[in-house]
Amino acid sequence: MANALRVGSVISLCSLRSTGPHLPLLSNATRFRSKFPFFSLSSSPNPYGSPPFSSSSTDEAVTTEAITSNNANGEAENSVKDAAGLLDIRVGRILRAWKHDEADSLYVEEVDIGEPEPRIICSGLVKYIPLEHLQGKKVIVLSNLKPRNMRGVKSCGMLMAASDAKHENVELLFPPEEATPGERIWFGTEDEKDNQPAAATPNQIQKKKIWELVQPHLKTDVSCIAMLGEHVMRTSVGSVACQSLQNANIS
């Protein structure tokens with residue numbers, strides 16, 4: 001009997017409570033938002049204009065991707081610079097020059113690059129540079145290419161020059177006047193002169209396509225200074241340049 005009375009009291013009490021206004025239950029997310037209005041549990045934009053929780057992981061992914069890209073670019077640049085260090089680029093002085101007997105577009109030059117005998121080099125400069133402008137001129141010579149037979153003349157090297165995009169204007173690169181024929185040229189800071197690696201052999205240059213790797217990265221800057229990417233082309237007495245071609249290709 002007592003148990004029955006107790007149960008009836010409980011039912012009566014519940015009935016009294018249910019007669020008041022009904023309050024809907026709040027979801028956990030709604031309660032959380034009411035206490036902390038600047039955070040959202042969803043990945044969609046919230047009404048307060050603040051980013052969702054997931055944005056932090058997205059930002060981290062973007063940052064990681066940027067770092068990875070920068071590292072890859074840095075490694076590629078170092079790889080090109082290392083390859084350029086294998087080129088034997090030297091200060092030269094043209095002792096004499098003449099037109100090739102069998103090729104109208106070629107000059108033949110005798111060039112002092114500090115060796116016991118001058119190098120014979122053929123250059124396709126007839127359309128761009130008057131012959132008299134070559135005599136006695138100091139130049140930049142890429143000296144460890146394999147010799148090439150050019151219309152019966154064995155050419156042992158290449159005079160380096162800058163040209164515009166349409167290859168309508170070509171200018172030889174030149175060192176400072178005080179530079180000594182035979183001095184080896186490098187890319188980078190003045191302090192890097194003594195850290196140059198040994199030059200590769202002509203066979204290695206050809207087999208590993210070192211010149212083909214380096215050449216697209218050679219240009220002049222707005223001051224006509226010869227550059228490998230961000231690295232200045234240097235002699236011990238100053239940088240290498242051309243006369244007037246800015247942002248020009250070098251080959």
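View 1. At 43% relative accessibility, Arg96 counts as partly exposed, a class that lies between buried (under 20% relative accessible area) and exposed (over 50%), as judged with a 1.4 Å probe on protein chains only. The model shown here is predicted, so local features need pLDDT of at least 70 and side-chain atom pairs count only at pLDDT 80 or more, whereas totals for chains, interfaces and linings use all residues. Residues are numbered from 1 along each chain as its sequence is written, and side-chain values use heavy atoms, with hydrogens and water left out. Arg96 forms a salt bridge with Glu110, their closest N and O atoms being 3.5 Å apart; the term stands for a side-chain nitrogen of Lys or Arg within 4 Å of a carboxyl oxygen of Asp or Glu. Because Glu110 lies in strand β2 (residues 107-112) and Arg96 in strand β1 (residues 89-99), the pair ties together parts that are 14 residues apart in sequence. Strands (E, at least two residues) and helices (H or I, at least four) are DSSP runs, numbered from the N terminus. Glu110 itself is buried, with a relative accessible area of 19%.

**View 2. Two further salt bridges.** By the rule given above, the count of salt bridges comes to 6. In one of them, the side chains of Arg119 and Glu115 meet at 2.8 Å, N to O; Arg119 is buried, with a relative accessible area of 17%, while Glu115 counts as partly exposed at 34%. In another, the side chains of Glu183 and Lys193 meet at 3.8 Å, N to O. Glu183 lies in the loop between β9 (170-172) and β10 (186-187) and Lys193 in the loop between β10 and α4 (202-207), so this pair ties together parts that are 10 residues apart in sequence. Glu183 counts as buried at 13% relative accessibility, and Lys193 as partly exposed at 31%.

**View 3. Asp88 and its surroundings.** Salt bridges that share partners join Asp88, Arg90 and Arg184 into one network. Asp88 lies in the loop between α3 (55-84) and β1, and at 13% relative accessibility Asp88 counts as buried. Leaving aside its neighbours within four places in sequence, Asp88 is in contact (heavy atoms within 4.5 Å) with several residues, among them Val141, Asn144, Arg184 and Ala199.

View 4. A disulfide is a covalent bond between the sulfur atoms of two cysteines, taken here as a pair of cysteine sulfur atoms within 2.5 Å. The structure holds 0 disulfides. Cys122 is in no disulfide, and the nearest cysteine sulfur, that of Cys156, is 9.0 Å away; Cys122 is buried, with a relative accessible area of 7%. Cys242 is likewise in no disulfide, the nearest cysteine sulfur being that of Cys224, 4.6 Å away, and Cys242 is buried, with a relative accessible area of 3%.
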